[in-house]
Amino acid sequence: MKKLFLGLIVLLSVIHSYAQNHTISGYVEDAATGERLIGCIVKEANNNKYVTSTNEFGFFSLKLPKKQVKIRVYYIGYAPMELDFKLSKDTSLTIDLELANQLNKVVVNAEHYNIESSQMSKIDVPLKMMKNLPVIFGEVDLLKTLQLMPGVQSGTEGSNGIYVRGGGPDQNLILLDGVPVYNVSHLFGFFSVFNTDALKDVTLLKGGFPARYGGRLSSVIDIRMKDGNMKKLKGAVSIGLISSKFTIEGPIKKNKTSFIISARRTYIDILAKPFIKIFGNRTYSEENSTDKTNNSGGYFFYDLNAKLTHKLSDKDRLFLSFYGGKDKAYINTRDENTDNHNLDGEDLLSSNIFADKSNLFWANTITAARWNHSFAKNLFLNTTLTYSRFNFAFGDETLNQSISLGDKEEDELFGISYGSGIKDFAAKIDFNYFPVVNHKIRFGFSSIYHYFMPGQTHFYFDIKDKNDTSKLDLRFGSDTLFAREFSSYFEDDIVITPWFKMNIGARLSIFNVRDTTFVSPEPRISARILLNKNMSLKFSYAKMKQYLHFLTNNTVGLPLDIWVPATNIVVPEDSWQVASGMSWLISDKFTLTLEGFYKEMNNLVEYKEGESIFGNVMQQGKSNSWEQKVTQGRGQAYGGEFFLKKASGKLTGWIAYTLSWTNRTFAGINFGKTFPYKYDRRHDISVVALYKLNKNINFGLTWVYGSGTPTTIAKSQYFDPLDENGSIEMYANDNSSYDYWINGINYYQNRNAFRLPAYHRLDLSMNISKKRKHGTRTWSFGIYNVYNHINPFYTELITHNGANNKTQTFLRVYSIFPIMPSVSYRFVW
Amino acid sequence: MKKNIILILGVILFITACHKDYKIYDKNNFKSQLVIHSLAAPDSILRVFVTKSAVPEQLDTNCFVTNATVSLYEDDNFIENLVFFDTAYVEENSYYDYMQKEKFLTKYYKSNYHLKRNHSYSIKIKAEGKEADANFSFPQISAKVEVDKNGFTCDTNQNSKNFYIFFGQGTMYFKLKTTKHNGHYMLRLLCNAWDIDQNKLPENYTDVPDSAYYKTAMNISFIDNSEENGASSLNSLYATYPFLTFKDRHSSYVFTDLSDNNTINITANMNFQGYKRNGEPIYIKYQLFEISDKIYKYYSSLDKYWDSDGNPFVEPVNVYSNVEGGFGFVGAYNVTEDSIKIDIKANRNKR
């Protein structure tokens with residue numbers, strides 16, 4: 001009875017507050033393009049209590065009291081807008097914001113909303129600024145920009161690996177228009193698959209994850225593609241040192257239907273072709289014989305982003321988006337040797353042909369169909385159907401043919417190929433509900449059907465000679481696997497008092513594979529205490545579950561990594577993270593964020609000692625053998641982050657510093673002793689600056705410093721009599737002989753016990769723009785690694801004579817990116 | 001000219017920029033540690049190898065410690081100090097064609113005392129101002145092996161006045177039973193003949209190295225009787241859980257774990273070949289090694305070590321050590337063995 005009474009009071013209070021207010025809802029758009037703006041702030045100018053932001057589809061809903069209201073709308077880089085009107089009924093609006101530089105107005109620091117928001121550990125990636133920063137080969141890269149943020153570590157030199165707060169690269173939920181991307185690398189990890197020309201908004205979450213996100217342990221990188229210009233046809237062309245790209249967008253029907261297509265391709269293979277032709281193809285001829293060699297090879301990647309947006313009505317929008325990308329490397333060789341013999345007046349031919357074809361490719365395909373609908377002023381629906389696929393393959397085929405005096409002597413064909421991949425089919429429904437002024441509710445459901453191909457090898461040969469024929473066609477490897485994942489979530493962003501705000505939520509996920517079902521509740525909570533209008537304290541707790549494992553060999557940068565599901569043998573990974581921090585808007589230009597975090601990860605997966613993706617044939621032949629090759633353990637990460645940002649003025653940029661520790665413990669690795677994670681960097685500093693000299697010229701600077709990453713290097717070496725030919729009783733049987741010699745066994749002390757030299761480099765850029773008749777052209781000049789520091793990519797122990805002519809052992813550190821200038825050209829119309 | 005110099009300097013800068021050497025080891029201040037290796041069999045003498053560790057990539061024959069005091073203790077009672085033996089030699093034109101000279105390093109400390117089952121032992125080493133020690137004991141015999149042979153055939157060729165070549169095949173059925181939980185075992189099959197890898201028969205007895213004896217290569221296919229795994233055709237055994245498989249570089253060992261009262265039936269199909277002195281019979285010897293958990297760890301880690309050595313796809317692996325104050329491994333094992341005589345007369349000249 002008491003419960004019923006209390007429930008009635010709550011219901012009445014809701015109805016009461018509902019009755020006292022009206023709702024302003026609608027969309028915020030870019031005035032020039034019609035592109036809907038994400039994270040745009042909409043607030044009652046005179047009262048901080050009434051504030052909201054647009055969701056990922058540009059929709060907002062704000063409940064206000066019935067009176068004369070002054071609505072202020074602002075977004076970073078855009079001129080703020082104020083709407084002054086009397087609110088007498090629920091009102092629908094479409095607000096058009098204009099770019100600030102076009103109007104020459106002062107840009108508003110939108111960090112105010114970050115101070116007020118309960119969300120912490122969030123970074124909005126400045127896409128426009130990113131395009132002016134110095135980059136390797138002049139190729140703007142989203143993930144490399146993310147590496148400059150606090151709490152984000154980079155992988156090996158030049159790679160786009162993202163390691164957030166001590167987590168692995170598989171622990172990042174990377175969403176492109178809401179669809180998970182499984183492989184984010186082009187060119188062996190040096191470039192990411194994201195073409196920045198097609199992107200509208202990128203948000204990184206490192207902790208305090210709202211309940212709507214799940215499935216990974218360490219971060220969410222939410223990338224949204226542009227919808228396409230609804231007003232007029234626009235485009236851009238970029239020509240760089242290794243690739244070129246173009247983007248075209250515009251209305252199919254003005255203000256109704258729009259499209260965007262953006263494509264990119266490298267031309268290393270095309271540039272190399274003439275050289276390969278000169279040096280790879282040769283013919284030697286003598287009196288009766290000819291020796292011909294034909295070699296070809298190359299590497300390229302391409303990607304294509306496309307999106308179609310259609311306004312069905314004021315309340316409905318339909319989106320179709322597509323991403324396709326592929327990397328391919330290939331080498332073909334052919335040697336042909338012919339001899340003409342004249343025997344008994346008859347010409348007889350002897351020849352030998354050797355041909356080898358090798359190729360390696362990996363490809364991503366992502367498609368999404370989305371329908372947005374606003375049912376009422378305070379209820380928004382997003383429905384999504386998605387398909388995501390990643391596959392990797394390599395193959396080699398060798399042909400050997402010999403003809404002796406006109407008779408075919410041998411005809412041999414050998415081939416081996418390997419393939420792995422993952423496919424997802426998913427359906428999602430998300431609701432945004434704004435029942436009362438102090439509640440912002442989100443809830444939704446999703447269902448994913450996973451199809452895993454953990455690695456299949458095909459080996460075959462066909463040998464024919466004069467007397468015999470033998471054939472083999474053998475396929476072995478891990479079986480394909482299917483899994484179903486279902487999840488639901490609920491979160492409420494509650495303003496409890498003007499100074500205290502919370503986001504409380506929970507996620508329930510269910511994962512079914514083979515005959516095993518895992519159920520996991522994941523509570524999430526974050527809170528904000530507003531100390532004054534410019535400063536807030538924040539706290540968060542998040543429990544995460546990951547049902548997908550990533551089998552990776554830490555030592556090489558090839559995309560050989562395999563996605564596999566959690567099973568009853570290799571159980572799901574989970575983590576919990578607590579974080580606290582402070583956001584301080586020092587002035588209109590400067591924002592300071594300080595955060596500390598502690599994270600524990602369980603059931604992490606690593607290959608067992610001595611195991612790799614390439615196991616022996618018999619083990620591969622056993623079903624699901626990858627489960628026997630891996631071991632599970634735990635990880636721990638903790639640290640602090642400092643982020644000082646200047647968002648406006650002639651000089652913009654940030655200073656990010658991270659102090660962190662991360663380690664791993666596996667019962668079967670390193671004899672059970674805890675060891676530092678491969679990317680445990682104690683100090684990580686990024687300084688990013690962009691100076692706008694005038695409206696046509698700007699200069700960019702990036703300086704990064706990272707403490708040396710740990711690696712495993714021998715501390716000493718010793719002799720073991722039980723060498724490769726040794727048998728157990730050789731120690732004890734006096735009659736057996738001892739056929740052995742010095743075989744050094746390295747002693748490593750601990751895994752990752754040695755620290756490589758620190759990583760640091762300075763990059764500079766200059767961008768010169770000029771307005772032309774049909775658009776703006778920009779020349780970008782850059783220098784990567786200005787002071788030519790040798791940053792470790794690969795190491796080995798070598799011996800050579802030292803200063804006193806005695807043999808000494810050195811650690812040789814190889815770098816692949818010394819000082820590198822770049823130039824690129826861009827034309828935008 | 002100026003242009004060319006700038007170009008050359010540019011190329012040099014580019015190339016030299018690509019690597020840098022760091023001196024991370026100080027040989028003068030390097031503190032080496034004692035390294036002990038010994039594997040003991042019951043009723044046998046003990047041999048102990050004592051060496052010292054070195055700076056990586058600089059290990060050489062100077063690693064042998066020749067002036068150590070190696071003390072053997074049985075159940076904490078001092079037995080004796082072991083005596084140093086040095087029979088190292090260099091063989092020219094060795095078996096391995098690619099090596100002109102091959103060093104055979106046989107330097108060890110040897111006991112007079114024969115070790116016994118049901119005792120625990122320790123070795124204490126003192127040398128060059130350092131001390132190291134290790135303990136070991138023989139595992140309890142807990143496994144029984146029953147063997148059944150089936151249809152062995154053996155054909156021979158007489159190509160020399162002193163020797164004959166044989167080619168044989170047959171099947172053995174093993175039944176391994178144990179009462180111990182999580183024991184570690186190795187099964188090995190050997191033939192008492194010389195290898196014919198060199199594809200020619202020796203003319204004189206002195207041409208035949210002793211090391212070839214009982215190491216004749218055999219193609220053995222172990223077939224597990226469990227329905228789940230089916231037959232395999234490599235020299236490895238796969239069995240139902242609990243199991244561990246292990247194939248050493250000799251390709252002749254199989255490690256298994258057998259839990260309480262568990263039985264594993266193994267079928268071994270053999271193809272064997274070799275050469276023997278005229279008139280000598282052929283035996284197939286089977287050996288069941290029962291090893292301690294520590295030896296298993298040592299063997300497995302050593303195997304992983306060699307597999308990962310120089311492999312870019314695998315993280316480096318440490319070899320297991322049970323030596324206090326140093327590196328290396330000291331352990332003990334049991335072995336049960338028996339032979340089956342192959343009747344060759346009935347099959348002679350069938351080939």
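**Close-up views: rings, charges and cavities**

Tyr598(A) is partly exposed, with 23% relative accessible area (between 20% and 50%; under 20% is buried and over 50% exposed, using a 1.4 Å probe on protein chains only). This is a predicted model, in which local features need pLDDT of at least 70 and side-chain atom pairs pLDDT 80 or more, while totals for chains, interfaces and linings use all residues. Residues are numbered from 1 along each chain as its sequence is written, chains are lettered from A in the order in which they are written, and side-chain values use heavy atoms, without hydrogens and water.

**View 1. Phe392(A) meets Phe394(A) edge-to-face.** Over all chains there are 48 aromatic pairs (Phe, Tyr or six-membered Trp rings with centres within 6.5 Å; planes under 30 degrees apart are stacked, over 60 edge-to-face, the rest tilted). Here the ring centres are 6.2 Å apart and the planes stand at 65°, so the pair is edge-to-face. Phe392(A) is buried at 1% relative accessibility, whereas Phe394(A), at 25%, is partly exposed.

**View 2. Trp576(A) and Tyr598(A) form a tilted pair.** Their centres are 5.6 Å apart, with 45° between the planes. Trp576(A) belongs to strand β34 (residues 573-585) and Tyr598(A) to strand β35 (residues 590-607), so the pair ties together parts 22 residues apart in sequence (strands are DSSP runs of E, at least two residues, numbered from the N terminus). Trp576(A) is partly exposed, at 29% relative accessibility.

**View 3. Charged ends sit over the rings of Phe300(A) and Phe361(A).** Arg265(A) places its charged end 4.5 Å from the ring centre of Phe300(A), and Lys326(A) lies 5.0 Å from that of Phe361(A) (NZ of Lys or CZ of Arg within 6 Å of the ring centre and within 35 degrees of the ring normal).

**View 4. The largest cavity holds about 480 Å³ of space.** A search of the whole structure gives 15 cavities of 30 Å³ or more (sets of points on a 1 Å grid over the protein atoms alone where a 1.4 Å probe fits but cannot get out; lining residues have an atom within 4 Å of a point). Of the 32 lining residues, Leu175(A), Gly178(A), Arg212(A), Lys428(A) and Arg507(A) lie nearest the centre. β25(A) gives the most to this lining, with five residues.

**View 5. The second largest cavity has a volume of about 310 Å³.** Its lining has 28 residues, and nearest the centre lie Lys144(A), Gln147(A), Leu148(A), Val704(A) and Arg761(A). β40(A) gives the most here, with four residues.

Conventions:
1 Å grid on protein atoms, 1.4 Å probe; cavity = no way out; pocket = protein on both sides within 12 Å on 5 of 7 lines; lining within 4 Å. Points joined across faces, edges and corners; volume = space filled by probe spheres on them.
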